[in-house]
Amino acid sequence: MSNQTDSSFVPEVAIEGIQSVTPMKITDPRQTREVVSAGEVVGPGIFQRCLNMVYYYKKEKEEDSGWLVAGWIKETLGRALLEQPLICGRLRKKERDGGELEIVSNDSGIRMIEARIQMNLSEFLELKQREEAEPQLVSWKDIDERNPQFSPLFYVQVTNFQCGGYSIGISCSILLADLLLRTEFLKTWANIHNNIINNNNGRKLPLFYLPGLKNITASSPNIIGSNSSKNSGKTLIFKINAETDQSLGSEWFREVGLACLEEAEKNLGSEMGADFSLFVNESLEPIKVESCSKHGVLKPQLKLNKESIITAKWDELVGTNEVTFRQGNKPAHVSYWFRSILGGIVFIIPSTEEKTCKVMNIIVAIPNVKS
C-alpha cells in the first residue's frame with residue numbers, strides 16, 4: 001500500500017475486543033481515597049482529565065505478538081491490581097460532606113481493549129502527524145459527572161501493528177495519576193507479567209487469546225466510543241528541593257506551582273490563560289484539587305534560585321526502560337501526555353528520593369492555543 005509509506009498519512013485503528021479485568025481476589029477491607037477541593041466545589045474538569053502513556057514494542061522473537069501480550073494481561077493484571085486496588089475502583093459522591101468525592105476500591109475493574117492498525121510500527125513512529133494519530137492508541141471515556149460510580153478510571157489498550165510490533169496504551173484518571181507515578185505500579189505489573197509467563201508450566205497460549213475466538217482479518221467497526229484526544233499542548237517537569245523542616249502548606253504549593261508555571265511558559269515560549277488547575281498529593285491518601293488564577297495567587301515570595309528549580313524527564317518519574325512485558329524487549333519509544341481540554345494543569349507530587357531534603361515533582365501542562 002503505497003500511501004502507508006507517506007509520512008503524512010494518519011491511519012485508523014480498528015477495535016477488535018473489549019473486556020473488564022478485575023482483581024484476582026475481593027479487596028477486603030475496601031480502600032478509599034478522598035478528593036479534597038480547596039475553596040469552591042471541584043469543577044467538571046476532573047471528570048475529563050487523564051494521564052496517557054503509550055509504550056511501543058518491536059517484534060523481536062517469533063512468538064512476540066500483541067495478541068499474546070493482551071491475552072496474558074487478562075491473567076497478570078488481575079494479580080497486579082491486588083497491589084493497588086484503587087486503580088480498578090470507582091469515583092463516587094459521598095452522601096455527607098456536601099457531596100464531596102471519593103474513590104473506593106469496589107473491584108469494578110479496568111477496561112482492556114484489543115485493536116489493530118494497518119501499518120508497520122517503524123512507519124507509524126516516523127509519521128509527521130504521529131502526535132495526531134497517537135490518541136487512537138489509547139482509550140478513554142469521560143467519567144459520568146452525574147453517576148461517576150459507573151465509569152472506569154483506568155484503561156489499557158493493546159494495538160497490533162502489521163509487522164508484529166505492538167503498543168500498550170494506558171489512560172488513567174488524573175485523580176489516580178500519582179499512584180502510577182509514585183508507586184511504580186507499571187514496573188510491578190510488568191514483573192508479575194514476566195514471572196507468570198516464565199512459570200506457566202509450558203503453556204504457550206493464554207486462556208484469553210482473541211485470534212482463537214474470532215476472525216480478526218476482516219475489517220471491524222469500532223465497538224466503543226472514546227474521548228481520547230491530544231489536547232495536552234506542551235509539558236515540562238520540574239524538581240524542587242525543600243528543606244525537611246520547611247512547612248509545605250497550601251500557600252507554599254500555590255507559590256511553587258505558579259513559579260513553575262511561569263518558568264514553563266518562558267521555556268516553551270507559550271503563554272496560557274489566567275486560570276489553571278492545581279493538583280497536590282502530599283501522601284498516598286487524599287488528593288487536593290484547586291481551581292487557581294494567576295491573578296489570585298500571590299507572586300512567588302519564595303527564594304527559589306535556578307539551583308532549586310531543575311527540569312526533569314518523564315523517565316525519571318516512571319522508569320521507562322524498566323517496563324518490559326517480555327524480558328529483554330525494552331520499549332522502542334514511549335509517549336506521555338496529560339489530556340486537558342479546560343485550561344492548564346499544575347500537578348505536584350513528592351519524589352521517593354527523600355534524604356536530607358524533600359524533593360517535589362511538579363508537572364506543568366500548557367494547552368495548545370487555538371487561533
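Colleague: Is Cys-50 buried or exposed?

Modeller: In this predicted model, Cys-50 counts as buried because its relative accessibility is 0%. Cys-88 is likewise buried, with a relative accessible area of 0%.

Colleague: How many disulfides does a search of the whole structure find?

Modeller: A disulfide is a covalent bond between the sulfur atoms of two cysteines. Here the search of the whole structure returns zero disulfides. For Cys-50, the closest cysteine sulfur belongs to Cys-172 and lies 8.3 Å away, which is too far for a bond, given that a pair must have its sulfur atoms within 2.5 Å to be counted.

Colleague: At what angle do helix H1 and helix H5 pack?

Modeller: Helix H1, residues 66-80, and helix H5, residues 185-198, pack at about 115 degrees with their axes 9 Å apart, and their crossing is right-handed. On the H1 side the contact includes Val-69, Trp-72, Ile-73 and Leu-77, which meet a set of H5 residues including Phe-185, Trp-189, Ile-192 and Ile-196. The residues of this contact divide into 10 nonpolar, two polar and two charged.

Colleague: What span does helix H6 reach from its first C-alpha to its last?

Modeller: H6, residues 250-268, has 19 residues and reaches 27 Å, close to the 27 Å expected at 1.5 Å a residue. Its buried residues include Trp-252, Phe-253, Leu-258 and Leu-261, and Arg-254, Glu-255 and Glu-265 are also among them. Just after H6, Gly-269 adopts a positive phi of about 65 degrees.

Note on methods: Residues numbered from 1 in each chain as written. Predicted model: local features only at pLDDT ≥ 70, side-chain atom pairs only at ≥ 80, totals over all residues. Heavy atoms only, no water. Helix = DSSP H or I, 4+ residues; strand = E, 2+ residues; numbered from the N terminus. Expected span 1.5 Å × (residues − 1). Buried < 20%, exposed > 50% of the residue type's maximum accessible area, 1.4 Å probe, protein only. Axes fitted to C-alpha atoms, helices over the stretch in contact; angles between N-to-C directions. Left-handed = near helix turned anticlockwise from the far one by under 90°. Contact = heavy atoms within 4.5 Å. Nonpolar A, V, L, I, M, F, W, Y, C, P; charged D, E, K, R; others polar.
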